[in-house]
Amino acid sequence: MSNLAIETVGLTYSFGPQIVVKNLSMQVPKGSIYGFLGPNGAGKTTTIKILLNLLKSPSDQVFIFGKEINSNRISSLKRMGALVEQPAIYGHLTGKENLINRCILLGINKSKCAETLAIVGLTYAADKKAGQYSLGMKQRLGIALALLSDPELLLLDEPTNGLDPNGIIEIRNLMVDLATKHNKTILVSSHLLAEIERTATHVGIINKGELLFQGTITELHNLSKPTIKIEADNQQKATEILVKNGIEVVQSDENSLNVTFQNKEEMGKLNTLLVHNNVTVFSIGVERKDLESLFLDITSKN
Amino acid sequence: MRSFFVSLNSEFYKSRKTLAFWSAILLPLVICLLMSWGFISQAPKLANNSAQILWFRYFTAIFGVMGILLLPVLVIYNTYAVTNMEYKGDTWKSLFSLPLPKLSIYASKYVYIVFLTFITMLLFAVFIILTGHGIQLIKSELKFGEYNPNQILFRSFSKLFLSSIGIISIQFLMNLMWNDFLKPFGIGFLFTIMGIITANVGWKYVDYLPYAYPNLAVRNIMQTKGDFNKMLIFDQPIYNSLIYGIIVFIIGYFMLAKKTIK
C-alpha cells in the first residue's frame, strides 16, 4: 500500500497554448506537512486545483491515497478538505450559517460548527455576516470550512494571506497540531519560504510550472554548500596568499572573502597560513546560505 | 439521490434570505393585493357581472400581466440570482471540490429555480382565490362566492408554469456560461420582447420560440372567454417548452461537466 497521500506522475497541464504545469512529479508522504513553494504565478494554485479535480488532469497522472483522481473523484474528495485562493464563502450568510450549509452538503452533524469555529478563533463572530468579515477572518472561515469534515488530507493555498502576525502563528501551530496529534497530511502552498520552514517537514519548490526541488527540509538545507568566511586586515593580501597556496576563493570583496569549507582542521590550517604570512585575521567561521537565498537561487535558475 | 436532496436542501438554506426567494413569495401577494384594491375601488361598475365573469375578469387581469411580461422577467431574475450566489462568493470551486456528483449540484440548482417558479404560480392561484373572496367581504355586491374558480385557476397557472420551463433552461444555461448580469438578462429580455411581438402578430414559427410560450398560454386562456372547458393544459407550445427544457438541461450539464474552474 502506498505511503503517499498525493502522487503526481509527470503531470502536465496547459491553458490553451500556455503550459502552466510541466512534467510535475510530486510526492507527498502521509502525515507530512508539505510546503509547496514558488513565486506568484509559478503554478501552485493550478496544481492544487488539479489535485481537487477542479481542473481535469490527463488520466494516470494524479493519485490521491494511491487512487487515480479522475476515476475516483468522489471517494478521493471525501478524504480531502481544501482552501483554494481566497476563501469561498457566502457573504449574505453568517460565519456559522456558512458552516451549517457545508454540514448539510456533507451530511455532518451541525454541532461540529461551534467546535470548528472555536478552533479557528471565530466563535465571537459566528453570527456576523461573513461579507462583513475582515480578510483575515474570511481566511479563518475558509480554513474552518476545510477542517469541518475532519479530512485526512488538507490542501491549503496560501492560508495565512491577510492574517496578522498572531493569526499567522495560530495557523502555523494549528497545522503542526493537526499533523502531529491528528495524523493529518497537509499540503500548504506559499510564496514565502520563511513561513514554510517553521512548519513543513517536506518541501517542493515550483517555478514556471516545473518542480525544481523536492525533499525534506534537511535535504534542502544540505543543498547549500557551506563556505569559510574570513575577515582580515588586508583582504587583497589574504586572497593572494590563499590563491598562491592552491585554495579556491569563491568570493572576495574589501570586507571579507569566502573559500569552500571542507572540515574544521582545514579551517585551522587556513588561519595558521594567513597568520604566518603576517595577515591579521579578525574573524573566521563557517557560513551557510539561509533558506531564503537558497530558494531565490533555485527559482532564479530556470 | 441523497446527494441531489442534500444539494437541494442547501440551495434552499443558502437562498432563504435572498431577494430571489422572497420575490417568489411577495410578488403574487403584492400583485393580488393591488388588483383587489382596483376591484374594490371599481365595485359599483362591476356589480352587475355574474360571479363567473367576475372571476374571469379578476384573474385574467393578473394572468395577463404575469404571463406577458412578469413571468419571463421573474424567471430571468431567479436564474440569475441563484447562479450569481456562487459567482459572488467565488464558491463554484468549493462546491465542485466537495464529494458530490456534479450532476447533483447542477440538477439541484435547476430544480430549485423550477421550484421557485412553481411556488410563485401556486401562490398566485392561492392568493387570487383568497383575495377574490376577501373582496366580497369588503364589497358584498361583488358575488365572488357564487362561483368556484379553484380548478380552473390551478389549471391555468399549471399551464403558465409549464410554459416557463424552456425559458428556465435557457436562462440557466446562459448564467452558467457567463458570470455577468447584463448578457443573460439583456438577451433574455430581448427574446421576451420578441416573444410578445411574434405571439401578437401570429408569426408562423412562434411555436419554436420559448420566450413566446407564456404569452401563448395567456392568449389560449383568454380565447376561452370564460368557458374554461375549452382550455387544454397540454398544447403544442407546452410540449415544445418541455422539450426545450429537457434538451437545454442536458446540454447545460455537459457544458458544466467540462467547465474549467479557473
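Let's start with A:Asn278. This residue is exposed, with a relative accessible area of 64%. The cut-off for exposed is over 50%, so A:Asn278 qualifies. One thing to keep in mind throughout: this is a predicted model.

Where does A:Asn278 sit? In the loop between α10 (264-276) and β16 (281-287) of chain A. Now the backbone. A:Asn278 is not a glycine, yet its phi is positive, about 60°. Most residues other than glycine have a negative phi.

Is A:Asn53 buried or exposed? Buried, because its relative accessibility is 7%. The residue lies in the loop between α1 and β6 (62-64) of chain A, just after α1(A).

That brings us to the helix itself. α1 of chain A covers residues 44-51. The helix is mostly covered, with 7 of its 8 residues buried. Among them are A:Ile48, A:Ile50 and A:Leu51. A:Lys44 and A:Lys49 are on the buried list too.

One more asparagine in chain A. A:Asn255 is in the loop between β14 (249-252) and β15 (257-260). Its relative accessibility is 51%, so A:Asn255 counts as exposed. What does A:Asn255 touch, leaving aside neighbours within four places in sequence? A:Ile230, A:Glu231 and A:Gln235. Take A:Gln235. It is 20 residues away along the chain, and the two C-alpha atoms are 6.9 Å apart.

The chain is divided into domain 1 (4-216) and domain 2 (224-301). Their centres, taken over C-alpha atoms, are separated by 43 Å. The domains do make contact: 12 residues come from domain 1 and 5 residues from domain 2.

Last, chain B. Two packed helices are described by the angle between their axes and the distance between the axes. Here the pair is α2 (residues 19-41) and α4 (residues 51-88). The axes come within 11 Å and cross at roughly 160°. Therefore α2(B) runs roughly antiparallel to α4(B). The crossing is right-handed.

Who makes the contact? From α2(B), the residues include B:Leu27, B:Ile31, B:Met35 and B:Phe39. From α4(B), they include B:Tyr58, B:Ile62, B:Leu70 and B:Tyr77. By type, the contact residues split into 16 nonpolar, 3 polar and 1 charged.

Note on methods: Residues numbered from 1 in each chain as written. Chains lettered and ligands numbered in written order. Predicted model: local features only at pLDDT ≥ 70, side-chain atom pairs only at ≥ 80, totals over all residues. Heavy atoms only, no water. Buried < 20%, exposed > 50% of the residue type's maximum accessible area, 1.4 Å probe, protein only. Helix = DSSP H or I, 4+ residues; strand = E, 2+ residues; numbered from the N terminus. Axes fitted to C-alpha atoms, helices over the stretch in contact; angles between N-to-C directions. Parallel < 35°, antiparallel > 145°, perpendicular 65-115°, else oblique. Left-handed = near helix turned anticlockwise from the far one by under 90°. Contact = heavy atoms within 4.5 Å. Nonpolar A, V, L, I, M, F, W, Y, C, P; charged D, E, K, R; others polar. Domains from an automatic or database assignment.
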